[in-house]
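Here's a quick briefing to go with the structure you have open. Have a look at the fold first, then work through the points by topic.

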Amino acid sequence: MMTDENNAEPKTVNRRAWLKLLGAGAATGALPIGGAAAEGAMHHPAPKAASPADEPVPVYEFLNGDEAAFVEAAVDTLIPPDDVGPGALELGVAVFIDRQLNSGYGRGDRMYLQGPFIEGTPQQGYQLRMTPSELIRNGILDVNAHVRDQYKRTFDALGEADRVAVLTQLEKREIQLPTVPTAIFFNLLYDLTMQGYFADPLHGGNKGKASWKMIGFPGIGSMYADKIEAYRNKKYMSEPMSIQDLL
């Protein structure tokens, strides 16, 4: 789906400002990564091929090896660790994306996919013949083919600065992918990354509720009526609660 926001020129949004926007309700929109990713490009190493010894190796249900490597590198570039908080890769966002692509959402169970397939208006919603899973899978193939042509290697094998450059070109639609619409592929990948970073840990991302702790989000609904008087005009912090805590 093409929107006016997609057609706008990318803006520079550093990570701290982006988190403030998110807290104000901007999480539903596609925010640009160019400035935020480039800001830490020379300080963040490329993702390692394997998880640290004390972390379990991710088990992917949908992504094959090449696709998992791409997604891990992409989310690590979109939200790298910095002095504000942890990065997307370490919070399990790649696992979240894998689970979404392997779900009814990824298969397009609730999508109308019978055609006709034409480029629609922003009001007409998703207009592709591909399911979200097919869109991501074919988009990864397209991007890796482009990267091999330009850099003689796959996306996950690029250094941080080159990964930032490729994702920024995708964001600006400076790369024309042959199989999938560039803007739709990039926006879906970016939206899934944001969702996985801030979603309930039940869904695979946001390990340890780390992103919630970072922004002071309390998690699922709770009652604070008994705290109002004691904490009036005072900062109140509590351990965030996820769906898993109730199971």
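## Aromatic pairs and the overall picture

W212 is buried, with a relative accessible area of 4%. Keep in mind that this is a predicted model. Of its 247 residues, 44% count as buried.

**Aromatic rings**

- W212 has a ring partner in F217: the ring centres sit 5.3 Å apart with the planes at 75 degrees, so this pair is edge-to-face.
- F217 is partly exposed, at a relative accessible area of 36%, whereas W212 is buried at 4%.
- How many aromatic pairs does the structure hold? There are 5.
- F186 and Y190 make a stacked pair, with 5.9 Å from centre to centre and 10 degrees between the planes.
- Both F186 and Y190 belong to helix 9 (residues 182-198), where they are 4 residues apart, or about one turn of the helix.
- F186 and Y190 are both buried.
- F70, F155 and F185 are linked by ring pairs into a cluster.

**Helix 7 against helix 8**

- Two packed helices are described by the angle between their axes and the distance between the axes.
- For helix 7 (residues 132-151) and helix 8 (residues 160-171), the angle is about 125 degrees and the axes are 12 Å apart.
- The crossing of helix 7 past helix 8 is right-handed.
- Which residues meet here? Helix 7 brings V143, H146, V147 and Y151, and helix 8 brings D162, A165, V166, Q169 and L170.
- Sorted by class, this contact of helix 7 with helix 8 has 6 nonpolar, 2 polar and 1 charged residues.

**Helix 8 against helix 9**

- Helix 8 also packs on helix 9: their axes come within 8 Å and cross at roughly 120 degrees.
- That angle makes helix 8 oblique to helix 9.
- On the helix 8 side the contact uses L167, L170 and E171, and on the helix 9 side T182, F185 and F186.
- By class, the contact of helix 8 with helix 9 has 4 nonpolar, 1 polar and 1 charged residues.
- A few names turn up again here: L170 is also listed in the contact with helix 7, F185 in the ring cluster, and F186 in the stacked pair.

- Is helix 5 (residues 93-101) mostly covered or mostly open? Mostly covered, with 8 of its 9 residues buried.
- Those buried residues are V93, A94, V95, F96, I97, D98, Q100 and L101.
- The cover over the buried residues of helix 5 includes helix 4 (65-78), helix 6 (104-107), helix 7 and helix 9.
- N102 sits in the loop between helix 5 and helix 6, and is partly exposed at a relative accessible area of 30%.
- Leaving aside residues up to four places away in sequence, N102 touches E61, F62, R107 and S133.
- N102 and S133 are 31 residues apart in sequence, but their C-alpha atoms are 7.4 Å apart in space.
- Across the chain, 66% of the contacts between residues at least 6 apart in sequence join residues at least 24 apart.

**Backbone angles worth a look**

- Most residues other than glycine have a negative phi.
- R173 has a positive phi of about 60 degrees, although it is not a glycine.
- You'll find R173 in the loop between helix 8 and helix 9, where it is partly exposed with a relative accessible area of 26%.
- K209 isn't a glycine either, and has a positive phi of about 55 degrees.
- K209 lies in the loop between helix 9 and helix 10 (210-215).
- Is K209 buried or exposed? With a relative accessible area of 13%, K209 is buried.

Key. Residues numbered from 1 in each chain as written. Predicted model: local features only at pLDDT ≥ 70, side-chain atom pairs only at ≥ 80, totals over all residues. Heavy atoms only, no water. Axes fitted to C-alpha atoms, helices over the stretch in contact; angles between N-to-C directions. Helix = DSSP H or I, 4+ residues; strand = E, 2+ residues; numbered from the N terminus. Left-handed = near helix turned anticlockwise from the far one by under 90°. Contact = heavy atoms within 4.5 Å. Nonpolar A, V, L, I, M, F, W, Y, C, P; charged D, E, K, R; others polar. Phe/Tyr/Trp six-rings, centres within 6.5 Å; stacked < 30°, edge-to-face > 60°. Buried < 20%, exposed > 50% of the residue type's maximum accessible area, 1.4 Å probe, protein only. Parallel < 35°, antiparallel > 145°, perpendicular 65-115°, else oblique.
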